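Subject: Structure handover

Hello,

Here is the structure to look through. My notes on it follow below.

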There are 2 protein chains.
Amino acid sequence: MESAKQFRKRNAILACLRASKAHPSAETLYQMLQKEQPDISLATVYRNLALFKSQGIISSVATVNGVERFDGTTEPHVHFVCTGCGAVQDLLQVEQPDYSGFAQRLGCRIDTTQLTLSGLCRDCLGNTRKSPKS
Amino acid sequence: MESAKQFRKRNAILACLRASKAHPSAETLYQMLQKEQPDISLATVYRNLALFKSQGIISSVATVNGVERFDGTTEPHVHFVCTGCGAVQDLLQVEQPDYSGFAQRLGCRIDTTQLTLSGLCRDCLGNTRKSPKS
DNA sequence: TATCAAAATAAGAATGATTATCAAATAGAA
DNA sequence: TTCTATTTGATAATCATTCTTATTTTGATA
């Protein structure tokens, strides 16, 4: 009626995911949202992430230590998963090949292509070294 | 003492995984093993799969509907995941690019490269059609 | 073969991520 | 406002995976 119309939780969740480059899990997203949506429920986060995914407006890009990680876009690009700290980052420098043309040859319909590299990120590599950078 | 020496469960698990091309889950592997190892425990399957993975002699190639799927080798190759039936198949026809050389440029250590296509397999495509093949 | 320590296992409890349930709150149209 | 459909919060339920512990098996050695 008078005050600024409150955004739906749904909008806040999508905005928060899109604002992040960390490919958060549902739980992490829930924690990030607490600041602006203190009364949000974890179930709502899960529920809406599932909805967005079914609508094709977000994607899940990896499962790290049994936890699903999300990306606010569906633009195809390569990801790097650090097996040390669990971080997931975009590798925009690496071109993702397009295999959609193979569908007919393979007898199937290809909807998505996901290329994921994994290993140790720069930080985790550094922490492994005997002598840290002097 | 006298009878043929019984194989360890561990060996049976690895052999069963290697004999399969279906990229089974731990649970599916457990069910497949029941014939020859009726008294095997599901925990043993999980335990040994984790061991094999840490030894680098098997790999987990996908998570389908929240369930981890395994491959008896670590030879890099492309996989196709059907979002209809959950089947995971090798795509040996599709060459998997090698990005290990990017490590230095990216400042990280790349251990594995995983390329996964997903969509609908031939069977699930067929079942979608209004009129099945006459 | 008997004995012993280390490794492997079965059974089931515990954990933790995700999903389902349902009553209450909210949005949007009339 | 009033009505109805949608969305949500709280929490219970589910399900994959891991942990625990007592027991069994292995392999070495005497």
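**Contacts with DNA strand D**

In the side chain of B:Arg8, an N or O atom is 2.9 Å from a sugar or linking oxygen of DNA strand D. This counts as a polar contact, meaning a pair of N or O atoms within 3.5 Å; within protein, one atom must be able to donate a hydrogen and the other to accept it, and residues adjacent in sequence count only if both atoms are side-chain atoms. The elements that give two or more residues to the surface near DNA strand D are α1 (9–19) and α3 (42–55) of chain A, and α3 (42–55) and β2 (67–71) of chain B. Helices (H or I, at least four residues) and strands (E, at least two) are DSSP runs, numbered from the N terminus. The largest share, four residues, comes from α3(A).

Before going on, note that this is a predicted model, in which local features need pLDDT of at least 70 and side-chain atom pairs count only at pLDDT 80 or more, while totals for chains, interfaces and linings use all residues. Residues are numbered from 1 along each chain as its sequence is written, chains are lettered from A and ligands numbered from 1 in the order in which they are written, and side-chain values use heavy atoms, with hydrogens and water left out.

There are 17 residues around DNA strand D, and A:Arg8, A:Lys9, A:Arg10, A:Thr44 and B:Tyr46 come nearest. A residue is near a strand if one of its heavy atoms lies within 4 Å of it. Of the atoms of DNA strand D that come within 4 Å of the protein, sugar and phosphate account for 72%. By class, the surface near DNA strand D has five nonpolar, four polar and eight charged residues. Here Ala, Val, Leu, Ile, Met, Phe, Trp, Tyr, Cys and Pro count as nonpolar, Asp, Glu, Lys and Arg as charged, and the others, Gly among them, as polar.

**Contacts with DNA strand C**

DNA strand C is surrounded by 17 residues, of which A:Tyr46, B:Lys9, B:Arg10, B:Asp39 and B:Thr44 are the closest. Sugar or phosphate supplies 75% of the atoms of DNA strand C within 4 Å of the protein, and bases supply the rest. Phosphate oxygens of DNA strand C lie 2.5 Å from a polar side-chain atom of A:Tyr46, 2.4 Å from an N or O atom in the side chain of B:Lys9 and 2.3 Å from one in the side chain of B:Thr44. Two or more residues of this surface come from each of α3 and β2 (67–71) of chain A, and α1 (9–19) and α3 of chain B. The largest share, four residues, belongs to α3(B). The surface near DNA strand C divides into five nonpolar, four polar and eight charged residues.

**Between the protein chains**

Strand β5 (residues 109–120) of chain A runs antiparallel to β5(B), and 11 bridges join the two. Strands pair if DSSP finds at least two bridges between them. A:Ser118 has B:Thr112 as its bridge partner in β5(B).

**Within chain A**

A:Asp39 and A:Lys9 form a salt bridge (3.3 Å, N to O), that is, a side-chain nitrogen of Lys or Arg within 4 Å of a carboxyl oxygen of Asp or Glu. A:Asp39 lies in the loop between α2 (26–33) and α3 of chain A and A:Lys9 in helix α1 of chain A, so the pair ties together parts that are 30 residues apart in sequence.

Regards
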